[in-house]
Amino acid sequence: MPKNINKAYKSPFQLAKERFLKNKLAIASIFFLLFIIGAAIFAPFLTDHDPKKGDLLLIEHAPSEEHILGTDGSGRDNFSRLLYGARISLTVGFSAMIFTLIIGVVTGAIAGYYGGIIDNLLMRLTDLVLALPFLVLALTIIALLEKVTIGIFVTIIAITSWPTLTRIVRGSFLSLREQEFVLGARAIGATDRRIIFKHVIPNAIGPIIVNATLMMATMIIAESALSFIGMGIPQPNPTWGNMLSEAQNIRILRNHPEAWIPPGLGILLTVLAINFIGDGLRDAFDPKSNP
Amino acid sequence: MYAYTIRRVLIFIPMLIMLSIIVFGLAKAAPGDPFTGKILDPTVDPEVFEQQREALGLNDPIPVQYARWASAMATGDFGTSMYYKGKSVQSLIQERALNTIYLGLFSLAITILVAIPIGMYSARNPYSLLDYSATTFGFMGLAIPNFFFGLVAIYLLSIKLGWFPAQGTISGTEIGGWEEWKSRLHHMVLPGITLGLAGTASYMRYMRSEMLDVLKSDYIRTARAKGMGERNILYKQALRNAIIPIITLMGFEFGALLSGAIITEQVFNYPGIGTLFINSIMNRDYPVIMAITLLLGVAILIGNLLADIFYSLVDPRIRYD
């Protein structure tokens, strides 16, 4: 008998999973993303060339059997930079997203759950950060620093882009904290911490997951844009943005499309796949949102 | 209405102050003062420099310095560039600002002329071939980084086909009159499309969904029932209502447009505020960086303010509380 009951009542999470699995575009995107991640992880097995070390006798060479996509302006192998570049671009995008997620969820939860003065102060702080667009604020901070490393870069992205997530989390907390089950939990003496983590966050998880996913796409574009203008991950680290940066040289742009089109397509397709997954998750968690 | 406008303007003021505090904080965090980096004459007593610092107010308490800095900024005195010796920041910005404004307006014009008709068509013929193509284009347009699109555009349309120049604002020979404007427009085509791409994609999606909503509404059915012509319904009744959120969106997307301009100008080597900003960062020219940061912030705040006020003007239901 209990088995039948389980069949009839599915948890919201199970329902969302079922809806998501029916979304062909999102599933295809997941496979594509796994392919890219696989290529990034197994880069050492796919190429013998060092992505950071150039051969000064082999500058800007056309594709050959040795160098499938030719070499760049410092004689580095483009194919190995493409593979290792996926590593750094994806890692930076992912860790910046996680970092932002932590700041956004904690501040949003505090603001939405406690309200009052803390809420007011945090909201004014988000206004403050949102007063300038991400790119301008990030560039101004980068201008103040002596040297940018990958860790510092991720931190800059995170501290300039958390407010959007804070507002979303705060919004769902504001409505959830008035619900009966939170009142009930409080009545039986649950601590704030327990209420936030066990009762409120699980109910607000849908929009958080969707926004975090879409945010990762934004982060990957942000990294590549900043690297493209030479203000991001410093050379000789391979990233897709750094590879595209080479194409600012008109000679490479004209004569070596094989050097800059693959990293550009890499960014485009990865971002597209992440956006499809994000949209799929949104439809799965909230079927009403689909127009 | 008036009450709303006044309240909205009153919110603008603390936002402006907060913005100026951030920029002042960033400016203070910048290493060095007017004396560092210059080769100090060793025959001059260091005491003299200290006196100069005192005279320039660099040793005053921070709030005093902020007040002085803010009043200078408010009167358009942004100081002198550290890199272009002796040139005032104001003149550097003035040289470039018009180029960026032209580029922004040009890309906005492309965006509007493309996004609104296609969005309307998609809403009237949903799930048609053109609607699907437009949706696909919308997804691509939002996912493609503008610098990659710019590079592809230069490669195909400038290098391969030779239709458009790849960089700059004019070829150099045409000065003054109609010829100069023709050359300017010709140079603006590729950067304009690149800058307008993301906006076109998102406005198109908004226009489609707004128009779909409006076409389902009661007053459209009433207009049809009265026997009003389809053209009249579409352009007089539906478009006017559907376009309101689009115009508001423009105010809020102003920041995105400016950020996009920074990257786009860099791709096309277009001499605007964006390239000045990037070059100043490379040269660590802090007075220029801070002035541009502040100006962009103020421009965005004004954009948001105008969008809010405009929204309340055209839609009397909007009330602030």
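This tour visits the cavities of a predicted model.

**Start with the whole structure.** Show every chain. A search of the whole structure turns up two cavities of 30 Å³ or more.

**Stop 1: the largest cavity.** Select B:Thr100, B:Leu258, B:Ala261, B:Ile262, B:Glu265, B:Ile273, B:Gly274, B:Phe277, B:Ile292 and B:Leu296, which form the lining of the largest cavity. The space inside is about 40 Å³.

Now show chain B as a cartoon. Three of its helices, H10 (254–268), H11 (273–282) and H12 (286–314), are the elements that give two or more residues to this lining. Which helix gives the most to the lining of the largest cavity? That is H10(B), with four residues.

Next, colour the lining residues by class. Seven are nonpolar, two are polar and one is charged.

Stop 2: Move to chain A and select A:Asp72, A:Asn78, A:Arg81, A:Met243, A:Glu246, A:Ile252, A:Ala259 and A:Trp260, the residues that line the second largest cavity. Its volume is about 40 Å³.

Show the chain A cartoon here. The elements that give two or more residues to this lining are helix H5 (78–114) and helix H13 (257–285).

Colour by class again. How many residues of each class does the lining of the second largest cavity have? There are four nonpolar, one polar and three charged residues.

Note on methods
Residues are numbered from 1 along each chain as its sequence is written. Chains are lettered from A and ligands numbered from 1 in the order in which they are written. This is a predicted model: local features need pLDDT of at least 70, side-chain atom pairs count only at pLDDT 80 or more; totals for chains, interfaces and linings use all residues. Side-chain values use heavy atoms; hydrogens and water are left out. On a 1 Å grid over the protein atoms alone, a cavity is a set of points where a 1.4 Å probe fits but cannot get out, and a pocket is an open set with protein on both sides within 12 Å along at least five of seven lines; lining residues have an atom within 4 Å of a point. Grid points are joined across faces, edges and corners, and a volume is the space filled by probe spheres set on the points. Ala, Val, Leu, Ile, Met, Phe, Trp, Tyr, Cys and Pro count as nonpolar, Asp, Glu, Lys and Arg as charged, and the others, Gly among them, as polar.
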